[in-house]
Amino acid sequence: MTLRTVIYARFSSTLQNSRSIEDQIAICRERCDREGWEVVEVFTDYAISGAAGIDENARPGLNSLLQRVEAGGVDQVLAEATDRIARHQGDAFSIREQLEFHNTRLFTLSDGEVNDITGMFLGWKDAKFRKDLGAKIKRGQRGTVKQGRSPAGLAYGYRKANKLDENGELIRGLREIDQDKADIVRRIFREYASGVSARAICNGLNKDGVPGPRGGVWRQSTINGDRKRKNGMLQNQLYIGKLVHQRTSKRTDPRTRRTLIQPNAEDTWITNDVPELRIIDDDLWKRVQERRASYKGQKAELCRRPKRLLSGLANCGVCGGGWIVISGKRWGCGISREGGKEACSNNRTITNDLFEARVLSGLKEHMLDPELVEIYVREYHLDYARRTKEIARESAKLKRQHEKAALKVERLVEAIADGAEDFVEIKDVLSKARGERDALAMELKNMESLPVVALHPTVVADYREEVAKLNAALTNSDEARLEAIPKLRSLVDQITIWPSDKKKGVKIEVTGRLNSILALANGDANVEECTLTVERVKGIEPSS
């Protein structure tokens, strides 16, 4: 009997041999020649999963086949096996249903004619094989990680170090540090920890002609990655000698059949220590993660770095409005600029270079004036005394509550000794008593750990030297300037600008964060982490 036949062939992965398509078609044609079947047309899908779906976007070859069957003149669909047709039970049923509607049979070289019963069984088997294969691959990857080998791609900063085992077989997944690229990794981490944005880091790398991980340009997404999926260079724990696997899972949306990558809970990750692959030390890693954490929950526009050293710090002394860049290189009152003299009479302006120079001069020469430091220390100790009294009052209150809880516990313990069974109440009271006790201990610890301001005799000279270094960095390379700006901005709380008494010019008052200034003078890199309650001391920069 001559059957008008269409042949279908498919392979599922780009990792497989594309010649398997030609091989499938060849053996199907051989069967047609032996049986005397007429080959009407051949349809193929290259590198597409058997569970991708059956619409035009998912599997164009299969979709075209179904349209050809619908057009008529086809007696059977021939494939090597049912798993070539589909590896999804729903798809397999839908395909068979459409073929049956058009009086077209499904025939495979492995199983012959596929009817409802064999189709249901084979569809289940093919779908299960796909899921079992995925499970086996994951199990193999877990074993690979525990052996210190990478089951995934090659991270930037490393190169392959594959070796032969005792049987002469290739040991895959071994890695070693690529020192040239490792230096770039350290540069990225150092710059980010010092306050440089990912975008600025990319610009610097591209400007220096450093090829990106794929040979092209650097992109900020390569450095930042995705916070939920924990990818990107700044979140890659391999740089601190930890090989992490199974951070994400691939899930298929049953409606669209699109593969979605979803983050896994951290307690399901597979981690193995590989100290020989460490590139970043723990301190640098910690500083980078702390900076990333400080941006968590903030809108992207709020995390952007100011374009200029003093952006957002200056206000008009007349109207209180923002002091902004009103032309290419000149600053002025924004309200006066927009509303004229009726809105604000402060129509004075200053160039950006002179503005920065005068503020830096004020910081360097006046912000550690002995009289100002004395005021700061006096205010600090007043605040210290106030906080001590508050803690003492709270301590007495907590002690009384603790005593009441302890007495109640004693009574309930006695009740148990007399035969009472209400152990839950006793447990709750004990838990509350411990909580009150721990809270009291913490308050006392905080009171005892309040810092005492102690100024080294050379602190003023040290501070001026540090500001001079930062000032010099502003005129050096872009990288040095980007590193210096966050440190300098941390020293300034607010800048207020008035018209000078002369016909031209302005007066500038700088409100500085003295705690940050003292930290900088003492060599503390984390100047922004100083959080003393009293931190403002004003200093007027010299008139000029």
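How many bridges join strand E1 (residues 4–10) to E3, and do they run parallel or antiparallel? I looked this up in what is a predicted model. I found 3 bridges, and the two strands run parallel.

**Other neighbour of E3**

Next I went to strand E4 (residues 105–108), which pairs with E3 over 4 bridges, in the parallel sense. For a landmark here I noted Gln76, which stands opposite Arg105 in E4.

**Side chains of E3**

I then asked myself which way the residues of strand E3 (residues 76–79) point. Gln76 and Leu78 go one way, while Val77 and Ala79 go the other.

**H6 against H7**

Last stop was the helix pair H6 (residues 179–193) and H7 (residues 198–207). Their axes lie 10 Å apart and the packing angle is about 140 degrees. Anything over 145 would count as roughly antiparallel, so I wrote H6 and H7 down as oblique to each other. Their crossing is right-handed.

Which residues make the contact? From H6 I listed Ile184, Arg187, Ile188, Glu191 and Tyr192. H7 brings Ala198, Ile201, Gly204 and Leu205. Sorting the residues of this H6 and H7 contact by type, I get 6 nonpolar, 1 polar and 2 charged.

Definitions and conventions. Residues are numbered from 1 along each chain as its sequence is written. This is a predicted model: local features need pLDDT of at least 70, side-chain atom pairs count only at pLDDT 80 or more; totals for chains, interfaces and linings use all residues. Side-chain values use heavy atoms; hydrogens and water are left out. Buried means under 20% relative accessible area, exposed over 50%, partly exposed in between (1.4 Å probe, protein chains only). Two strands pair if DSSP finds at least two bridges between them. Axes are lines fitted to C-alpha atoms, for helices over the stretch in contact, and angles run from 0 to 180 degrees between N-to-C directions. Angles under 35 degrees count as roughly parallel, over 145 as roughly antiparallel, 65 to 115 as roughly perpendicular and the rest as oblique. A crossing is left-handed if the near helix is turned anticlockwise from the far one by less than a right angle, and right-handed if clockwise. Contact means heavy atoms within 4.5 Å. Ala, Val, Leu, Ile, Met, Phe, Trp, Tyr, Cys and Pro count as nonpolar, Asp, Glu, Lys and Arg as charged, and the others, Gly among them, as polar.
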